[in-house]
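This briefing summarises the architecture and the charged contacts of the protein chain shown below. Its points are grouped by topic for reference alongside the model.

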Amino acid sequence: MNPARYCAFILFAVFLAAAAMAEEPMVKPADDWTALFDRSEIWLGGDGIFSIPLTGKDELGSVKTGTKTLFVFSDSMVGTSNPETREFKDARMVNHSAAILKGGKPEAENIRCIYGKHGDMSRSNIFDVNCWLQDGVVLDDTLYLTGIRTGKDWKPVGIDLITVPLKGGEPEWPRFKRTENFPIMSRSDKGQACFGIGILDRTKEDGYVYIYGYRDWFEGSRKGLIAARVKPEQLGKAEQWRFWDGKNWTDDITKTLEDAAVLADHVSAELSVTPLDKNRFILVYTRDVMSPIIEYRLGPTPVGPFDEPVRIYECTEPNQRGQVINQYNAQAHPHLSRPGPLLIWYNV
């Protein structure tokens with residue numbers, strides 16, 4: 001089989017004091033995190049990587065020794081591969097998988113992979129459906145996830161809401177519930193709006209959970225950031241969601257297809273919005289989904305207005321390997337970040 005595979009390449013973006021944020025950030029690779037996902041047995045790699053603290057606490061640097069982090073992946077390879085050539089041997093792709101890490105250090109002995117029907121480690125999907133898992137959040141001992149189902153052109157054709165109760169601080173996979181075609185997608189002749197690509201829980205601060213999405217113009221497939229919010233106890237009730245139209249929160253999702261609703265353009269299909277302090281939020285993404293350019297923007301609220309983009313990093317894999325390698329969907333992982341640096345990773 002082709003030796004190419006999905007990997008998670010990771011980097012640290014070291015932001016200085018608030019007054020220095022306009023300066024070019026210092027960046028260094030986080031090789032220890034990259035090595036955590038460089039595997040040749042059982043779980044070989046996956047893309048679409050989101051990290052969800054199972055405590056529900058996703059503040060900067062909030063991970064503790066006993067904190068359990070759920071990683072959810074989209075397309076994943078399971079089986080075995082040659083650790084030297086990276087060539088697949090006995091391997092199969094599944095549409096989604098997961099892993100749980102105990103603590104905040106990238107130590108192989110503290111992470112275990114999860115895939116197969118209800119997590120039984122068979123070579124199949126966890127949730128009995130072909131879907132790419134998006135971001136998630138834990139509220140009142142329940143894990144909420146969204147899953148995108150795609151058509152032949154890879155465009156979303158439906159978004160499902162998946163809930164999984166926690167038992168002993170971990171998802172009880174056999175008890176999951178899936179609401180098919182949860183109405184957080186809208187379509188017009190020009191494009192579509194899809195939600196679930198990033199989640200920010202601001203329950204303590206203003207009483208809302210913010211769910212980010214993108215408006216995708218079919219011509220050119222350029223994506224713009226859009227936003228929704230909902231009270232945490234009503235997240236599973238689609239009629240209670242409200243969508244940002246550029247000025248107000250509305251119950252009309254079609255408003256997110258209008259230019260006024262776009263918070264930032266040229267974003268990726270997965271991203272993150274992270275509070276740095278009370279009045280500063282950082283948006284991290286790959287420019288235009290699939291490119292070597294990772295950017296950030298700053299804004300005073302969860303819905304901006306966001307400043308002009310700043311290039312934070314340019315991926316180097318094509319130069320290193322001498323072949324066509326795609327990079328895509330960068331995002332930050334605040335609770336796993338140490339004080340000072342912000343941990344960011346991207347797919348390769």
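**Overall architecture**

Of the 348 residues in the protein chain, 55% are buried. The model is a predicted one. Its secondary structure consists of three helices and 27 strands. The radius of gyration is 19 Å, close to the 20 Å that the globule rule gives for 348 residues, so the chain is as compact as a globular protein of that length.

- Taken along the principal axes, the box filled by the C-alpha atoms is roughly 55 × 45 × 45 Å.
- Among contacts with a separation of 6 or more, 53% are made by residues 24 or more positions apart.
- The accessible surface of the chain is about 15500 Å², and carbon and sulfur atoms contribute 48% of that area.

- Three strands form an open sheet in the order 3-6-7, and their pairing is antiparallel.
- Strand 3 (41-46) and strand 7 (88-94) stand at the edges; each has a single partner strand, so one side of each is left without a neighbour in the sheet.
- On average, neighbouring strands of this sheet are turned by 30° against each other, direction ignored.
- Five bridges connect strand 3 with strand 6 (residues 76-81) in the antiparallel sense.
- Gly45 has Met77 of strand 6 as its bridge partner.

**Strand 24 and its neighbours**

- Strand 24 (residues 293-299) is mostly covered, with seven of its seven residues buried.
- In a regular strand, side chains alternate between the two faces of the sheet.
- Both faces of strand 24 are covered: one side carries Ile293, Glu295, Arg297 and Gly299, the other Ile294, Tyr296 and Leu298, and all of these are buried.
- Strand 23 (residues 280-286) runs antiparallel to strand 24 and is joined to it by six bridges.
- Within this pairing, Ile282 has Leu298 of strand 24 as its bridge partner.
- Strands 23 and 24 form a hairpin with six residues between them, and Asp288 in the turn has a positive phi of about 60°.
- Strand 25 (residues 310-314) also runs antiparallel to strand 24, joined to it by four bridges.
- Here Ile293 is paired with Glu314 of strand 25 as its bridge partner.

**Salt bridges**

- Side chains of opposite charge can pair when their charged atoms come close.
- With a cut-off of within 4 Å between a side-chain nitrogen of Lys or Arg and a carboxyl oxygen of Asp or Glu, the count comes to 15 salt bridges.
- One of them joins the side chains of Lys155 and Asp216, at 2.6 Å from N to O.
- This pair links distant parts of the chain, 61 residues apart: Lys155 lies in the loop between strand 11 (142-150) and strand 12 (156-167), and Asp216 in strand 17 (residues 208-217).
- Lys155 and Asp216 are both buried.
- Another salt bridge joins the side chains of Asp265 and Arg297, at 3.0 Å from N to O.
- Asp265 counts as partly exposed because its relative accessibility is 31%, whereas Arg297, at 6%, counts as buried; the cut-off for buried is under 20%.
- The side chains of Glu172 and Arg175 also meet in a salt bridge, at 3.1 Å from N to O.
- A network of salt bridges links Lys68, Arg112 and Glu170.

How values were computed. Residues are numbered from 1 along each chain as its sequence is written. This is a predicted model: local features need pLDDT of at least 70, side-chain atom pairs count only at pLDDT 80 or more; totals for chains, interfaces and linings use all residues. Side-chain values use heavy atoms; hydrogens and water are left out. Two strands pair if DSSP finds at least two bridges between them. Helices (H or I, at least four residues) and strands (E, at least two) are DSSP runs, numbered from the N terminus. Axes are lines fitted to C-alpha atoms, for helices over the stretch in contact, and angles run from 0 to 180 degrees between N-to-C directions. Buried means under 20% relative accessible area, exposed over 50%, partly exposed in between (1.4 Å probe, protein chains only). The radius of gyration is taken over C-alpha atoms; the globule rule is 2.2 Å times the number of residues to the power 0.38. Contact means heavy atoms within 4.5 Å. Accessible areas come from the Shrake-Rupley method with a 1.4 Å probe; for residues, only the protein chains shown count as cover.
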